[in-house]
Amino acid sequence: MKLKGQHLLSVKDISLELIEELFNVAETMRPYAERQKVTRVLEGAVLGNMFFEPSTRTRVSFGCAFNLLGGEVRETTGLSNSALAKGESLYDTAQVLSGYSDIIAMRHPQAGSVAEFATGSRIPVINGGDGPNEHPTQALLDLFTIHQELAHKGKKIEDLSLTLLGDLKHGRTVHSLCQLLSLYSGLKIQLISPEALAMPTKYIDMLSNAGHQVKVGSQLEEGLPQANVIYQTRIQEERFASQKEANRYRGYFRLNKRIYSEHCQPGAVIMHPLPRDSRNDANELDNDLNQEPGLAIFRQTDNGVLVRMALFACILGVEDQLYQYERNVNWHVGLNQ
Amino acid sequence: MKLKGQHLLSVKDISLELIEELFNVAETMRPYAERQKVTRVLEGAVLGNMFFEPSTRTRVSFGCAFNLLGGEVRETTGLSNSALAKGESLYDTAQVLSGYSDIIAMRHPQAGSVAEFATGSRIPVINGGDGPNEHPTQALLDLFTIHQELAHKGKKIEDLSLTLLGDLKHGRTVHSLCQLLSLYSGLKIQLISPEALAMPTKYIDMLSNAGHQVKVGSQLEEGLPQANVIYQTRIQEERFASQKEANRYRGYFRLNKRIYSEHCQPGAVIMHPLPRDSRNDANELDNDLNQEPGLAIFRQTDNGVLVRMALFACILGVEDQLYQYERNVNWHVGLNQ
Amino acid sequence: MKLKGQHLLSVKDISLELIEELFNVAETMRPYAERQKVTRVLEGAVLGNMFFEPSTRTRVSFGCAFNLLGGEVRETTGLSNSALAKGESLYDTAQVLSGYSDIIAMRHPQAGSVAEFATGSRIPVINGGDGPNEHPTQALLDLFTIHQELAHKGKKIEDLSLTLLGDLKHGRTVHSLCQLLSLYSGLKIQLISPEALAMPTKYIDMLSNAGHQVKVGSQLEEGLPQANVIYQTRIQEERFASQKEANRYRGYFRLNKRIYSEHCQPGAVIMHPLPRDSRNDANELDNDLNQEPGLAIFRQTDNGVLVRMALFACILGVEDQLYQYERNVNWHVGLNQ
């Protein structure tokens with residue numbers, strides 16, 4: 001398989017063939033993630049979950065994905081007091097840590113750091129986010145979610161009409177998603193943002209060159225009627241020069257039940273990289289949509305577990321052994337209401 | 001069983017029937033916790049140990065309890081940098097995190113936060129402490145300890161004469177314990193504190209209404225002779241308006257060997273929620289009592305593991321399967337002196 | 001065995017007999033650490049990895065070592081917010097935490113703290129570093145590395161000519177190594193440092209009294225030609241009275257390819273406790289040595305896992321059961337280049 005024994009550092013490393021392989025495996029992970037079955041295929045293996053920048057959800061998602069395959073997780077959170085602060089190179093850190101585990105998932109605040117780390121690692125490294133640069137597993141879980149949501153309606157990725165909404169200038173996740181989408185052609189893609197937060201030209205060109213129909217706009221309503229998938233984003237306030245500047249865009253595009261009913265196709269899929277900002281003056285995706293069947297945001301994070309399980313399984317070459325190490329679930333699953 | 005597939009959010013949810021069920025199961029956990037046997041009943045299950053407020057002992061106690069049942073633990077410590085800080089609602093956080101594991105234990109600095117979180121969770125949530133509000137597993141382990149300590153003397157809970165001592169105004173643990181005790185009736189309960197740190201009327205009334213004989217006092221010696229269980233507390237200095245005010249009560253009630261020998265029944269049980277403040281000017285429970293057989297404070301924390309194991313087992317419905325997944329311990333247990 | 005059911009608190013507790021036992025077991029750990037085999041000998045056991053002072057590499061090394069034996073790890077990082085900050089004694093902390101796991105590895109910023117903790121522990125405690133005082137597992141992995149590197153050349157520890165280089169005043173690791181070396185006699189030991197950072201007389205006397213040939217110098221080149229093992233250290237800047245004073249020694253002794261080729265024996269072994277400071281003005285061990293076969297610094301950290309696995313196995317008395325719990329590795333190991 002393509003991924004066996006390889007790093008996953010960038011969406012640039014990802015081919016259509018790899019996506020197909022990975023998504024097939026991800027789908028086989030569902031019974032384990034949903035606790036219909038247990039697999040212990042990686043019992044005895046250790047993940048080094050090295051988060052040199054804190055991130056509860058991504059860190060826990062990687063860790064649980066590895067646990068769900070039967071493996072153990074050792075981890076770190078935060079940069080301070082680490083050897084890096086004493087002048088150690090990322091090469092050295094990688095040489096040391098790669099002697100401790102079987103595979104590493106790593107997040108680090110500095111762009112390019114994970115790739116630099118990988119040069120010193122003796123084991124496969126997955127980029128869990130390197131600052132403003134890349135977050136390839138998020139892009140993969142986003143594309144996987146689009147794939148699954150369309151499939152549930154009997155549609156294929158070729159039928160996608162996608163509207164990206166909000167802060168398209170700073171959103172690392174929408175940039176990475178655009179890169180993955182550029183592996184396809186002939187899709188309809190609408191990019192709707194305040195003008196000052198428009199998608200960088202680089203990505204617009206990338207999409208156009210791939211042969212997609214790209215439409216750019218700045219009014220919320222322009223992007224809604226034609227979309228079967230709407231990808232809303234949070235204003236990345238921490239990336240603005242000042243809070244004052246950021247405040248100009250707080251609550252600029254709000255999607256709520258009224259707007260959804262009036263402007264969107266029935267059952268249109270709503271995605272969001274999360275966290276969504278639920279404070280009153282931001283509220284880009286209203287809680288009154290929580291019961292809407294099209295709201296896919298929590299299926300999206302659930303899919304993150306499937307995709308990360310698939311990545312671990314493919315990189316460690318155990319994707320065909322899941323059944324061999326399978327058991328029944330002997331505990332009660334979920335809530336009794 | 002009562003607990004299967006349920007949250008445990010508040011002592012208010014706890015009935016006598018549930019206590020009986022839980023304590024019976026807790027007692028069956030002893031051979032596993034004391035390493036006479038290993039059980040792997042939860043192998044493949046994952047606990048989300050979500051401590052949004054740091055707490056070494058409670059966090060590690062929950063985590064070890066789950067490990068002792070064979071399960072895996074993913075965890076987080078602290079609130080900063082988490083999605084909550086970016087305006088995410090507790091509902092969203094719960095939806096996301098509940099897709100990662102089988103059960104969640106959660107601590108959070110804000111009163112009511114764990115219950116709010118539970119509304120968004122798709123899996124059972126155990127309240128590990130929500131700020132000044134509740135800490136139901138502490139109340140349960142306290143009651144379980146009273147139960148066990150009396151049982152070792154051939155006594156029942158009906159024979160309890162309990163003295164609560166110290167900062168009864170701020171002590172979350174003594175408030176929760178009073179709520180649990182109100183499920184019973186006819187006990188003797190002495191509430192001894194500096195007047196300014198008296199038990200809130202609400203809890204005194206609750207105990208009286210339940211039919212207990214309640215006595216309130218402000219002198220240490222008044223509470224000691226009649227008690228077969230003494231529950232000493234720490235002055236919760238962090239809860240006072242100023243350190244100066246807190247200092248007025250430092251070392252106000254000190255229990256030491258001399259006082260214990262002079263005023264207490266022989267073998268009277270001494271409990272404390274821990275940590276005890278062993279600094280000279282506080283020292284509410286002197287180290288010269290460390291060899292006293294009645295000192296139950298470390299049996300109390302050991303019991304915390306039993307109670308948390310029982311909660312996990314009952315909520316996940318595996319309390320009858322422990323033996324099936326049982327093995328012998330193949331390593332050396334404890335210290336060779 | 002010597003170690004069964006015992007604490008490991010100080011290099012002073014270590015005898016030649018214990019070293020021999022431990023190193024023999026450490027060597028049997030290699031197939032498990034290098035993923036040729038899996039052993040689950042400690043499945044069901046729990047390590048309390050209590051790092052009251054953060055240290056990514058030592059913490060993760062202990063944790064992975066325990067995972068590689070099949071056990072579970074619960075851990076803590078940092079001192080703040082812990083019960084210790086509320087005036088709890090180390091004795092109490094130990095009583096509580098030792099009710100949660102089977103063995104504890106502990107680091108703490110205060111000299112003597114781990115030994116004090118051990119007095120309250122009901123289970124074995126391994127000192128993972130107590131401030132400026134001791135770090136016995138580092139000393140053991142250093143000695144094990146010397147042993148292995150000489151063995152690969154058909155030499156024994158009796159053939160050692162060791163040069164310790166750099167900040168010999170503050171380096172906890174070189175002090176502990178000298179203590180272990182004093183169990184032997186007749187070795188050649190060169191101590192090369194800036195005069196102000198010389199090895200304390202105590203350790204020089206210890207080495208001399210043991211019957212070693214000790215030579216003290218302050219020029220890099222004096223120490224290189226006769227050595228078959230060179231142990232370079234980092235200037236411990238955080239231990240100086242001021243950064244200004246520390247700066248006087250930054251980059252004072254630099255070992256690079258040119259110096260190594262000119263002054264050292266062919267294939268001379270280079271060790272370093274890591275992290276090495278790779279910033280340009282420090283750079284005590286140049287990256288141009290990274291491909292040099294004699295550079296043992298990453299074999300040294302790999303050996304740390306072997307030594308810690310051996311310690312766990314011997315203290316818990318399972319060193320003869322590894323094979324019984326052995327399995328094949330069913331996943332792909334390492335990188336496909």
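**Exercise 1. Find the residue of β7(C) that stands opposite L165(C), then describe the strands around β7(C).**

Solution. Start with the pair itself: L165(C) faces I192(C) in β7(C). Before going on, note that this is a predicted model, in which local features need pLDDT of at least 70, side-chain atom pairs count only at pLDDT 80 or more, and totals for chains, interfaces and linings use all residues. Residues are numbered from 1 along each chain as its sequence is written, while chains are lettered from A and ligands numbered from 1 in the order in which they are written.

Next, widen the view. β6 (161-165) of chain C pairs with β7(C) in the parallel sense over five bridges; strands pair if DSSP finds at least two bridges between them. Strands here are DSSP runs of E with at least two residues, helices runs of H or I with at least four, numbered from the N terminus.

Then follow the path: from β6(C) the chain passes through helix α7 (172-181) of chain C to β7(C), a right-handed β-α-β crossover. Right-handed means that, with the strands pointing away from the viewer, the path from the first strand over the helix to the second runs clockwise.

Now look to the other partner. β7(C) and β8 (213-217) of chain C run parallel, joined by five bridges, and L191(C) has V216(C) as its bridge partner in β8(C).

Last, check the cover: four of the five residues of β7 (188-192) of chain C are buried, that is, 20 or more other C-beta atoms, placed from the backbone, lie within 10 Å of their own.

**Exercise 2. Work out which element gives the most to the side of domain 1 of chain A that touches domain 2 of chain A.**

Solution. Begin with the bounds, which come from an automatic or database domain assignment: domain 1 is 11-134 + 301-328 and domain 2 is 137-298 of chain A. Their C-alpha centres lie 26 Å apart.

Then count: 19 residues of domain 1 of chain A are in contact with 16 residues of domain 2 of chain A, contact meaning C-beta atoms, placed from the backbone, within 7 Å. α1 (16-28), β5 (125-130) and α11 (297-315) of chain A each give two or more residues to this side of domain 1.

Terms used: Contact = placed C-beta atoms within 7 Å. Buried ≥ 20, exposed ≤ 12 C-beta atoms within 10 Å, placed from the backbone.
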